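Please keep the sequence and the 3D view at hand while reading.

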Amino acid sequence: MGEIWHCIIKVFTYTESSPIIFTEVSFWVFFTLLMLGYSFVFRKPYLRTIYLLLFSFFFYYKSSGLFFVLLIFATICDYTTGILIPISSKKWVKKLLVGISVAINLGVLAYFKYAYFFTTSINSFLGTNFEVVNYLSLWTNQLFNAHFDTLTILLPVGISFYTFQTISYTVDIYREKLKPVRNILDFGFYVSFFPQLVAGPIVRAAEFIPQIYKKYSLSWQEFNHAYYLILNGLIKKMLISDFISINFVDRVFDSPSSYSGFENLMATYGYALQIYCDFSGYTDIAIGVALLLGFRLPINFNSPYKAVNITDFWRRWHISLSTWLRDYLYIPLGGNRKGKVISYLNLMITMLLGGLWHGANIRFVVWGGIHGLSLVIHKLWLSIFPTPKGKSSTWKRFLAGFVTFQVVCLSWVFFRTSSIDKAMEMLNQIHSRFGMESIISAITNQIGIYGLITIGFAIHWLPVSFKESYRGAFIKSTLALKVVATLLIAFIILQFKASEIQPFIYFRF
């Protein structure tokens, strides 16, 4: 009896080393239990909302522990602001309310994400000795006589994503593009919906909230599509991303000078594939799981490495972030309404802040700067050499796509390395120690890795029509074939699976 009670307590207790993530058996046990209960409430929107809200809160608690409080705080703060904005008669009051909401959200995000960055910068500049204090842990210790570490600040899971969601909610109400949600439970469900909570996509309230009040609907074709997306996401993450990360990419990025320039270049390409398969794999699973629950999430990736210019890349990569930055940062800064020079400056500011959103490190700013500068150069190029849409020749499109891919991969070097020095070390290896004579031996020694990278990119670059044909074939296949395919995929994944948990790259962004 004692052991059973211990197991029950463990299930309902947060353990930092055992978060619920899509690649762990614990998540699928959690989801199976959720679906069993869901079969009793899915036809009643109000009960469905409460049921999924409770499971979403539990999911976030198991992923974040004490930081669960921050999610509740953000929900209450922006729900209240959303209610107050429309009933305020004066415009300056509406602006003040939006300003307060944005300041609170960004303030909490900045504290947990940039406290060390700002403190170190101030100390270096002023010669002071300020120390970072985790006030959330401090207050919890004082209130509940707990013993949390007060000198270390960890980044709450998903805070960057749900912060952007709640900001967009209050801003859209101010812009009169959206009416406020009257029921705080409905709003809390929107903020905390577990499939996309920790790593996106960033869902707009106007896209999601109307679905809360609709009757559950899921066609047989949609069910099979969701099933396909989940399997596809697991393959991307566990079969490709994790394998090339552990067995090749991480080793080279950790010690660039120990490898030839060719191996450094291949590790760069490998990371480009790794982060795509990791992030888009999460999104595929999130969209699939949400669809099984009757909710449609927006697409977040559209074969980004097929892009023929950097603008095209950002129409295909992390679409929910790029459109958010456009609508809530670039356009409010002035967009392209104040002349070309100001529009180029706005682009740079947007991408630099977009880089900083990814992390409190100068290398992320460099990553954003590379993309910002590339966007400006592309705009300048089009103003000098305008090309009618669809008139570019095949070889020009190929060349443009090749150059775009190299620029994106250059930016990934700064995104992935632990420091600017490491990034420069890696680029120096590629430039000065390419090692043409050792290419064959490098490929021979890592034939499995290079083969997997090649296959991964080959699948990525397949025509859309071909991909749709095999997706359609899976959807139309018999249940027996689906079961066999699932078992086969599960067996292959288990053979490739790493012994340690490999969290999603964007798990703590």
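The numbered points below go from the model as a whole to one helix and then to individual residues.

1. The coordinates are a predicted model. The mean pLDDT of the protein chain is 88, and 94% of its residues reach 70 or more. Where pLDDT is low, the predicted coordinates should not be read in detail.

2. Overall architecture. The protein chain contains 22 helices and zero strands. Its radius of gyration is 24 Å, close to the 23 Å given by the globule rule for 509 residues, so the chain is as compact as a globular protein of that length. Along the principal axes, the C-alpha atoms occupy a box of roughly 65 × 60 × 50 Å.

3. Interior, surface and contacts. Of the 509 residues, 50% count as buried. The chain exposes about 25200 Å², and carbon and sulfur atoms account for 69% of that area. Considering contacts between residues at least 6 apart in sequence, 75% join residues at least 24 apart.

4. The course of helix α5. How far apart are the end C-alpha atoms of α5? This helix covers residues 91–126, and its 36 residues bring the end C-alpha atoms only 40 Å apart, short of the 52 Å that a straight helix would reach at 1.5 Å a residue. A kink of about 75°, centred on Tyr114, is present in α5. Just after the helix, Gly127 takes a positive phi of about 70°.

5. Glu176, a loop residue. Glu176 lies in the loop between α7 and α8 (184–192). Its phi is near 60°, a positive value in a residue other than glycine. Is Glu176 buried or exposed? Its relative accessibility is 70%, and Glu176 therefore counts as exposed, the cut-off being over 50%.

6. Ser303 is located in the loop between α12 (261–292) and α13 (310–316). Although Ser303 is not a glycine, it has a positive phi of about 45°. With a relative accessible area of 10%, Ser303 is buried, since buried means under 20%. Which residues does Ser303 touch, leaving aside those up to four places away in sequence? They are Arg316, His460 and Lys467.

7. Lys476 belongs to helix α21 (residues 464–476). Its relative accessible area is 76%, and Lys476 is thus exposed. The C-alpha atoms of Lys476 and Asn224 are separated by 8.2 Å, while the two residues are 252 residues apart along the chain.

Definitions and conventions: Residues numbered from 1 in each chain as written. Predicted model: local features only at pLDDT ≥ 70, side-chain atom pairs only at ≥ 80, totals over all residues. Heavy atoms only, no water. Helix = DSSP H or I, 4+ residues; strand = E, 2+ residues; numbered from the N terminus. Expected span 1.5 Å × (residues − 1). Bend = angle between axes of the 7 residues up to and from the residue. Rg over C-alpha atoms; globule rule 2.2 N^0.38 Å. Buried < 20%, exposed > 50% of the residue type's maximum accessible area, 1.4 Å probe, protein only. Contact = heavy atoms within 4.5 Å. Areas by Shrake-Rupley, 256 points an atom, 1.4 Å probe, with all protein chains shown as cover. pLDDT = per-residue confidence, 0-100.
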